[in-house]
Amino acid sequence: RRRVGRLCDGAHRGHSGGGHQAPLWAPWSDGCVAICGDAAHPMMPNLGQGGCQSTEDGYRLVEELANVGHTKDIPGALGTYSRKRVLRTSIVQGFAQLGSDLLVDFDLMMTIPILGPFFLTMTQLSMPWVLRFLYTPEF
């Protein structure tokens, strides 16, 4: 129980509502214990990626654990799972948070001279890349 609590305390909180922001690269495994899905990477719902990223977690866990020949190899497999998943899910969390912030503060942002229109233009230009990233599975 202590390991799971420590992992959940260290997981990056995507929408903790102003609470403690944990380090971006917090590990998702400790010994033979790992977390996945919302426990590891909670997200704002506006991109519809919470379930998608959880499914990718499950796939990666199966891939890593399939190579385990002995129980002593489990911590290494779970560590590899964590390292392979944390970057992608952190980026998706960032996109989800940005999208949420844009929805909430769009009118306010557009009142800032130069910066508001620049940010809107950059968002529109980057959208094809963002969508390609989100909808190309990378396990």
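1. Let's start with Q49, which is buried at a relative accessible area of 2% (buried means under 20% relative accessible area, exposed over 50%, partly exposed in between, with a 1.4 Å probe and protein chains only). Q49 sits in the loop between β2 (33-34) and α2; helices (H or I, at least four residues) and strands (E, at least two) are DSSP runs, numbered from the N terminus. Leaving aside neighbours within four places in sequence, Q49 is in contact with M43, V92, L134 and Y135 (contact means heavy atoms within 4.5 Å).

2. A word on what you're looking at: this is a predicted model, where local features need pLDDT of at least 70, side-chain atom pairs count only at pLDDT 80 or more, and totals for chains, interfaces and linings use all residues. Residues are numbered from 1 along each chain as its sequence is written, and side-chain values use heavy atoms, with hydrogens and water left out.

3. Now the charged pairs. The structure has six salt bridges, a salt bridge being a side-chain nitrogen of Lys or Arg within 4 Å of a carboxyl oxygen of Asp or Glu. One of them joins the side chains of E56 and R85, at 2.9 Å from N to O. That pair ties together distant parts of the chain, with E56 in helix α2 (residues 50-65) and R85 in helix α3 (residues 74-110), 29 residues apart. E56 is buried at 5% relative accessible area, and R85 is buried too, at 0%.

4. E56 also has a salt bridge to R88, at 2.8 Å from N to O. Here again distant parts of the chain are linked, E56 in helix α2 to R88 in helix α3, 32 residues apart. R88 counts as buried, at 4% relative accessibility.

5. What about K72, buried or exposed? K72 is exposed, at 62% relative accessibility. Its salt-bridge partner is D73, with the closest N and O atoms 3.4 Å apart, and D73 is partly exposed at 31%.

6. On to the nonpolar interior. In soluble globular proteins, nonpolar side chains tend to be buried together. The largest nonpolar core here has seven residues: W28, I35, A40, L61, L78, Y81 and V86 (a core is a set of buried Ala, Val, Leu, Ile, Met, Phe, Trp, Tyr and Cys residues joined through side-chain atoms within 4.5 Å). Helix α3 supplies the largest share of this core, three residues. A second, separate core has six residues, including M43, F95, V130 and F133.

7. Y81 deserves a click in the viewer. Not counting residues up to four places away in sequence, Y81 touches W28, A34, I35, C36, D57, R60, L61 and E64.

8. Some nonpolar side chains are on the outside. I112, L115, F118, M122 and L125 form a surface patch with about 500 Å² of accessible area together (areas come from the Shrake-Rupley method with a 1.4 Å probe, and for residues only the protein chains shown count as cover). Patches are made of residues with over 30% relative accessible area and no salt bridge: like charges are joined within 9 Å, nonpolar side chains (Val, Leu, Ile, Met, Phe, Trp, Tyr) within 5 Å. L125 lies in helix α4 (residues 115-134) and is exposed at 61%.

9. Finally, how many disulfides are there? Zero, across the whole structure, taking a disulfide as a pair of cysteine sulfur atoms within 2.5 Å. C36 is partly exposed at 36% relative accessibility, and C52 is partly exposed at 35%.
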